[in-house]
Amino acid sequence: MNTTVPTISAVGLTLTFLPAILALAIMHRWRAGAQTALYATIRMLVQLTLIGYVLIAIFEADHLGVIALVLAIMLVISSWIAVRTVRAGRRRAYWLALAAITIAGLGTLGPVTQFVIGVEPWFSPRFVIPLAGMIFASCMNAVSLAAERFEAETERGVAYGQARRAALDTALIPVVNSLFAVGLVSLPGMMTGQILSGVSPLIAAKYQIVVMTTLFGAAGIAAAIYLYLAGSRTRQPDPV
């Protein structure tokens with residue numbers, strides 16, 4: 001099996017933006033938030049370019065304190081992004097999101113890296129940071145969807161239990177859809193990357209199973225924690 005990863009040229013990288021440009025043109029034509037999407041695309045380009053250089057420095061440092069700082073920054077930023085659509089009580093929502101993502105994220109990251117994969121040394125940045133990024137992002141998306149739906153339901157006067165149920169269902173739609181689609185519709189990022197680097201597809205599949213179950217569990221736990229804490233002021237008896 002060829003283990004050489006093809007190098008992407010500058011021209012090839014530029015060509016990948018053609019579908020995005022077409023999508024942006026359609027959004028602009030239909031007045032569907034093209035400016036926000038363009039800003040997000042530019043920000044993605046800048047962020048990924050910078051993080052490439054940052055990760056090189058972090059991997060070379062291989063220091064626990066540096067890794068802990070990186071994880072803390074990721075938690076703070078992901079929590080802020082998670083509640084950006086919340087209209088009322090955003091400050092309180094932020095702290096709830098931070099608690100939910102931290103508990104669920106670190107609570108799943110630890111067992112996966114230490115007992116499932118067996119990372120050596122236990123804080124190895126080459127494993128901990130990429131896995132933390134996937135787990136925190138999954139928690140972030142789940143909390144974001146849960147917060148938005150829960151706010152909408154409570155504003156309509158829906159009882160806590162019903163609002164919580166609807167919000168949790170909504171929060172888990174993306175990750176549940178990915179569970180249905182993986183292997184049939186899509187080969188997710190980690191599996192694709194490993195296959196491209198020459199790893200056996202069976203080994204790559206095992207890693208992807210670990211990732212998918214971890215992301216589902218972390219997302220569900222994070223959304224549940226957020227909804228529990230969010231309803232602490234208004235919770236009232238309601239059939240579950």
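This report walks through the pockets, salt bridges, aromatic pairs and backbone details of a predicted model.

## Ground rules

Residues are numbered from 1 along each chain as its sequence is written, and side-chain values use heavy atoms, with hydrogens and water left out. Because this is a predicted model, local features need pLDDT of at least 70 and side-chain atom pairs count only at pLDDT 80 or more, while totals for chains, interfaces and linings use all residues.

## The largest pocket

Let's start with the open space. The largest pocket has a volume of about 1,300 Å³. A pocket here is an open set of points on a 1 Å grid over the protein atoms alone, with protein on both sides within 12 Å along at least five of seven lines; lining residues have an atom within 4 Å of a point. Grid points are joined across faces, edges and corners, and a volume is the space filled by probe spheres set on the points.

There are 26 lining residues, and Gln47, Leu48, Ile51, Ile77 and Ile81 are the closest to the pocket's centre. Helices α3 (34–61), α4 (64–82) and α6 (125–155) each supply at least two lining residues, and α3 gives the most, with 12. Helices are DSSP runs (H or I, at least four residues), numbered from the N terminus. Ala, Val, Leu, Ile, Met, Phe, Trp, Tyr, Cys and Pro count as nonpolar, Asp, Glu, Lys and Arg as charged, and the others, Gly among them, as polar.

## An enclosed cavity

A cavity is a set of points where a 1.4 Å probe fits but cannot get out. The count comes to one cavity of 30 Å³ or more, and about 40 Å³ of space lies in the largest cavity. Its lining is made up of Val112, Leu131, Met134, Ile135, Val210, Val211, Thr214 and Leu215. The lining divides into seven nonpolar, one polar and no charged residues.

The structure holds four salt bridges, each being a side-chain nitrogen of Lys or Arg within 4 Å of a carboxyl oxygen of Asp or Glu. One of them joins Arg87 to Glu151, with the closest N and O atoms 3.8 Å apart. Arg87 lies in the loop between α4 and α5 and Glu151 in helix α6, so the pair ties together parts that are 64 residues apart in sequence. Arg87 is exposed at 56% relative accessibility, whereas Glu151 is buried at 9%; buried means under 20% relative accessible area, exposed over 50% and partly exposed in between (1.4 Å probe, protein chains only). Arg87 and Glu151 also belong to a salt-bridge network with Glu155.

Glu153 forms a salt bridge with Arg149 at 2.9 Å between the closest N and O atoms. These two are four residues apart in helix α6, which means about one helical turn separates them. Glu153 also bridges to Arg156, here with the closest atoms 2.7 Å apart. Glu153 itself is buried, at 8% relative accessibility, while Arg149 is partly exposed at 31% and Arg156 is exposed at 60%.

## Aromatic pairs

The count comes to three aromatic pairs. Rings of Phe, Tyr and Trp (its six-membered ring) pair if their centres lie within 6.5 Å; planes under 30 degrees apart count as stacked, over 60 as edge-to-face and the rest as tilted. The rings of Tyr94 and Trp95 have centres 5.3 Å apart and planes at 70°, so this pair is edge-to-face. Trp122 and Phe123 are also edge-to-face, at 5.5 Å centre to centre and 85° between the planes. Tyr94 is buried at 16% relative accessible area and Trp95 exposed at 52%; Trp122 is partly exposed at 49% and Phe123 buried at 19%.

## Backbone details

The peptide bond from Glu120 to Pro121 is cis, with omega near -10°, and Pro121 sits in the loop between α5 (90–116) and α6. Arg31 has a positive phi near 55° and lies in the loop between α2 (17–29) and α3. Asp62, in the loop between α3 and α4, has a positive phi of about 50°. After α6 comes Gly157, with a positive phi near 85°.
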